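Open the model in a viewer and keep the selection tool at hand. The stops below say what to select next and what is there.

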Amino acid sequence: MTPRHTHHTGRPASAGVSLNRALSKLGLCSRTQAQVLIAAGRVRVGGKVVRDAALRVDMSRDRIVVDGEAVVAERKVYLMLNKPRGLVTTRDDPLERDTVYACLEGLDLPYVSPVGRLDKASEGLLLMTNDTRFANRLMDPASHLPRTYHVQVATVPDETTLDELRTGVTVDGETLTANAIKLLRSGGRTAWLEIVLDEGKNRHIRRLLAAHGIEVKRLIRIAIGGLPLGNLAKGTARHLTAEELALLAE
């Protein structure tokens, strides 16, 4: 029988998580930033300098040190942010565009990651956390967690068009549907729709509407599950309350 490969930690290569992922899960930095730290020789595991970001570590047993300081799990943080239009939902943007992290400047926070994404042109409710289990549960397609959007479109769709949108379309081999679509109001040549999804495919709403020749002028996420955006000012973030976290667990 061929023995399984082991790293110098003495455990099989399949055990634990990669070192760069461990640093991210512990709330120190993003995985990309962790790779830079590791490559620079600034990270030690079990007293030894490690330059392999893929090294498997056991976060409950291995002592991980960065720049001489032991890395310990940060307190769990759960934020809601009212994302403005024009910001990208990433930490490290290769094009050096403004990111949602600009909204967190000045706050005393560990490293947090977005739960899902809103594209650059979209606005509204975005959750951020350093609790990966919480984030994975919300993003799991099996959870069917509804997300509600208010969408301004450059036309006034009739009921036939709304029925066709509810039926869904296939775009590039991918089926795009919505749980619910209704007309909120209209005026002149534009209208506002409320669209509810329980899955989040790439540019889902924009592609669904574009397939029917409908241009999106604004797209705002107003709720995730039972958690509403409320009156949170654009570009600001705050901690979720215990009651609000419970709404996301329902």
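## Start at Arg 203

Select Arg 203: at 43% relative accessibility, Arg 203 counts as partly exposed, a class that lies between buried (under 20% relative accessible area) and exposed (over 50%), computed with a 1.4 Å probe on protein chains only. Arg 203 sits in the loop between strand 14 and helix 5; helices (H or I, at least four residues) and strands (E, at least two) are DSSP runs, numbered from the N terminus. Arg 203 is not a glycine, yet has a positive phi of about 50°. Most residues other than glycine have a negative phi.

This is a predicted model, in which local features need pLDDT of at least 70 and side-chain atom pairs count only at pLDDT 80 or more, while totals for chains, interfaces and linings use all residues. Residues are numbered from 1 along each chain as its sequence is written, and side-chain values use heavy atoms, with hydrogens and water left out.

Next, select Asp 67, in the loop between strand 5 (64-66) and strand 6 (69-70). Asp 67 is not a glycine either, and has a positive phi of about 50°. Is Asp 67 buried or partly exposed? Its relative accessibility is 46%, so Asp 67 counts as partly exposed.

## The whole chain

Zoom out to the protein chain. Its secondary structure comes to six helices and 17 strands. The C-alpha trace spans about 70 × 50 × 40 Å along its principal axes. Of the 250 residues in the chain, 42% are buried. Taking contacts (heavy atoms within 4.5 Å) between residues at least 6 apart in sequence, 65% join residues at least 24 apart.

## Domains

Colour the chain by domain: the assignment gives domain 1 (17-70), domain 2 (78-141 + 228-247) and domain 3 (146-224). Such bounds come from an automatic or database domain assignment.

Now show domain 2 and domain 3 together. Their C-alpha centres lie 23 Å apart. The contact takes 16 residues from domain 2 and 12 residues from domain 3. About 1,100 Å² is buried between domain 2 and domain 3, and carbon and sulfur atoms give 40% of that area. Buried area here is the accessible area (1.4 Å probe) that two parts lose on being put together, summed over both. Which residues of domain 2 lose the most area to domain 3? Select Asp 119, Glu 123 and Leu 125, which together account for 41% of what that side buries.

## Helix 4

Move to helix 4 (residues 159-167) and select its buried residues, Thr 161, Leu 162 and Leu 165. Look down the axis of helix 4: the buried residues fall within an arc of 100°, so they line one face of the helix. The arc is that of the directions from the helix axis to the C-beta atoms. An α-helix has 3.6 residues a turn, so residues three or four places apart point the same way.

Just after helix 4, select Gly 168, which takes a positive phi of about 100°.

## Aromatic pairs

The structure holds two aromatic pairs. Rings of Phe, Tyr and Trp (its six-membered ring) pair if their centres lie within 6.5 Å; planes under 30 degrees apart count as stacked, over 60 as edge-to-face and the rest as tilted.

Select Tyr 78 and Phe 134, an edge-to-face pair at 4.9 Å centre to centre with 75° between the planes. The pair links distant parts of the chain, with Tyr 78 in strand 7 (residues 78-83) and Phe 134 in helix 3 (residues 132-139), 56 residues apart. Tyr 78 is buried, at a relative accessible area of 17%, and Phe 134 is buried at 8%.

Then select Tyr 101 and Tyr 111, a stacked pair at 6.3 Å centre to centre with 10° between the planes. Both residues lie in the loop between strand 7 and strand 8 (113-114), so the pair ties together parts that are 10 residues apart in sequence. Tyr 101 is buried, at 9%, as is Tyr 111, at 11%.

## Last stop: Asp 93

Finish with Asp 93, in the loop between strand 7 and strand 8. Asp 93 is buried, at 13% relative accessibility. Not counting residues up to four places away in sequence, Asp 93 touches Val 88 and Thr 99.
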